[in-house]
Amino acid sequence: MKLLIVGGAGFVGSNLAILLKEKHSGYEIICMDNLKRRGSELNLTRLASAKVEFLHGDIRNKEDLELVDRADLIIDASGNPSVMAGITSPVTPVITNNLIGTVNCLELAKKLNASFIFLSTSRVYPIHTIESLGYSETDKRFELQLNGEVKGASNNGITEDFPLEGSRSFYGATKLASEILIQEYHSLLNVKTIINRCSVITGPWQMGKVDQGVVVLWTSRHYWNRDLQYFGYGGEGKQVRDVVHIKDFAELIDYQIEHIDELSGQTYNVGGGMENSVSLNELSSICAEVTGNKLEIKGVEENRIADVRIYVTDNSKVTAATGWKPKLSVKEIVGDINKWIGSNEEDLKNILE
Ligand SMILES: NC(=O)c1ccc[n+]([C@@H]2O[C@H](COP(=O)([O-])OP(=O)(O)OC[C@H]3O[C@@H](n4cnc5c(N)ncnc54)[C@H](O)[C@@H]3O)[C@@H](O)[C@H]2O)c1
């Protein structure tokens with residue numbers, strides 16, 4: 001098995017490469033990355049120690065991708081993963097990175113007769129429809145409270161049947177546009193493909209910042225006793241997300257690689273699910289317990305643009321198809337991140353915001 005992971009020095013890409021190589025020493029793995037994300041350079045020594053080859057390249061340049069002349073499977077873990085991309089920064093880069101770059105990778109997959117696994121996002125689902133879902137409120141969190149009024153939504157979370165009509169951020173739009181093209185490469189050009197619409201994936205080596213990587217941001221701010229704020233929705237940190245440890249996620253990708261023929265053409269929602277859902281307020285308590293530092297967190301009334309009150313993955317389809325379920329709890333995830341920061345304090349203190 002020869003794997004090409006693009007975005008392979010990033011959080012998901014580097015961890016996938018290392019965990020897959022640990023499990024399958026016979027896999028030949030190449031990671032390509034343009035090292036645009038601050039902190040990705042720290043992963044180069046980890047990749048080298050794991051005997052994963054690194055190629056400095058940009059998926060926007062076909063010439064860079066053509067440096068790879070053989071691959072059985074390509075994992076697209078590259079791009080700009082921030083929901084603020086194109087809103088607080090120019091639009092064109094998010095389109096060229098997240099859409100044109102992915103098309104270049106699909107062209108390479110077609111040329112090399114390689115399969116293709118895509119890391120899409122829960123952000124493909126429109127903001128307004130998510131925000132219109134029924135909810136209730138406890139003193140720590142929002143909860144879904146539905147009577148089946150929207151297809152694909154229940155008190156267990158959001159399935160793949162959730163409607164796709166509406167605005168979703170440039171980030172979500174470029175991912176959905178990529179998904180649509182992936183389906184054509186699958187149906188018309190016989191490329192084997194799997195699309196994973198992921199919610200929050202987290203764990204050690206995620207270079208968390210304000211607009212991406214909330215669990216690492218929260219843990220590191222607690223670790224260093226730095227400021228944090230709850231933005232929007234009354235300023236009490238009741239927004240909820242589901243989170244999955246990168247190790248659990250890697251187990252799913254491992255299964256998908258080994259069962260690509262049977263799973264090809266499918267799209268899955270993938271995340272921590274209801275059991276691993278957490279509000280910011282609850283996350284603060286977990287971080288305080290794990291790090292030993294309790295922060296005074298103030299509320300800011302104003303909502304963040306493109307934010308949603310609550311998103312939780314319903315993993316029913318992926319679990320039925322693969323048997324996969326996340327195993328590690330939110331507390332175990334925060335514990336792992338805390339240990340990682342502690343062992344890499346010097347390198348991380350200027351990178352983690
Ligand atoms: N981490 C999450 O919670 C999450 C959730 C849903 C989807 N995803 C998707 O998973 C993928 C990986 O996310 P991540 O959290 O590892 O982000 P990351 O920023 O850590 O990794 C992305 C990597 O891609 C590289 N990159 C960016 N543009 C590139 C280009 N043009 N050519 C080559 N490399 C390029 C960056 O340098 C970085 O190392 C992204 O596509 C993201 O949208 C992530």
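I began with helix H8, residues 246-258, in this predicted model. I counted 13 residues in H8, and the reach from its first C-alpha to its last is 18 Å. That is close to the 18 Å expected at 1.5 Å a residue.

Next I asked which residues of H8 are buried.

Then I turned to the ligand. Which residues come nearest to the ligand? Of the 30 around it, they are Asp33, Ser78, Asn97, Tyr171 and Lys175. I also looked up which elements supply at least two residues each to the shell: helix H1 (11-23), strand E5 (115-121), helix H6 (169-189) and strand E11 (200-202).

A polar side-chain atom of Asp33 sits 2.7 Å from a ligand oxygen. For Ser40, a side-chain N or O atom is 2.7 Å from an oxygen of the ligand. Phe11 uses its backbone instead, with a polar atom there 2.9 Å from a ligand oxygen. The ligand has 820 Å² of accessible area on its own, and the protein covers 96% of that.

Last, I went to the surface. Ile87, Phe170 and Ile305 form a nonpolar patch there, together showing about 250 Å² of accessible area. I found Ile87 in the loop between strand E4 (73-76) and helix H4 (92-112). Ile87 has 33% relative accessibility, so I logged this residue as partly exposed.

Notes
Residues numbered from 1 in each chain as written. Predicted model: local features only at pLDDT ≥ 70, side-chain atom pairs only at ≥ 80, totals over all residues. Heavy atoms only, no water. Patch = residues over 30% accessible without salt bridge, like charges linked within 9 Å, V, L, I, M, F, W, Y side chains within 5 Å. Areas by Shrake-Rupley, 256 points an atom, 1.4 Å probe, with all protein chains shown as cover. Salt bridge = Lys/Arg side-chain N within 4 Å of Asp/Glu carboxyl O. Helix = DSSP H or I, 4+ residues; strand = E, 2+ residues; numbered from the N terminus. Buried < 20%, exposed > 50% of the residue type's maximum accessible area, 1.4 Å probe, protein only. Expected span 1.5 Å × (residues − 1). Near = heavy atom within 4 Å. Polar contact = N/O pair within 3.5 Å; in protein donor to acceptor, adjacent residues only side chain to side chain.
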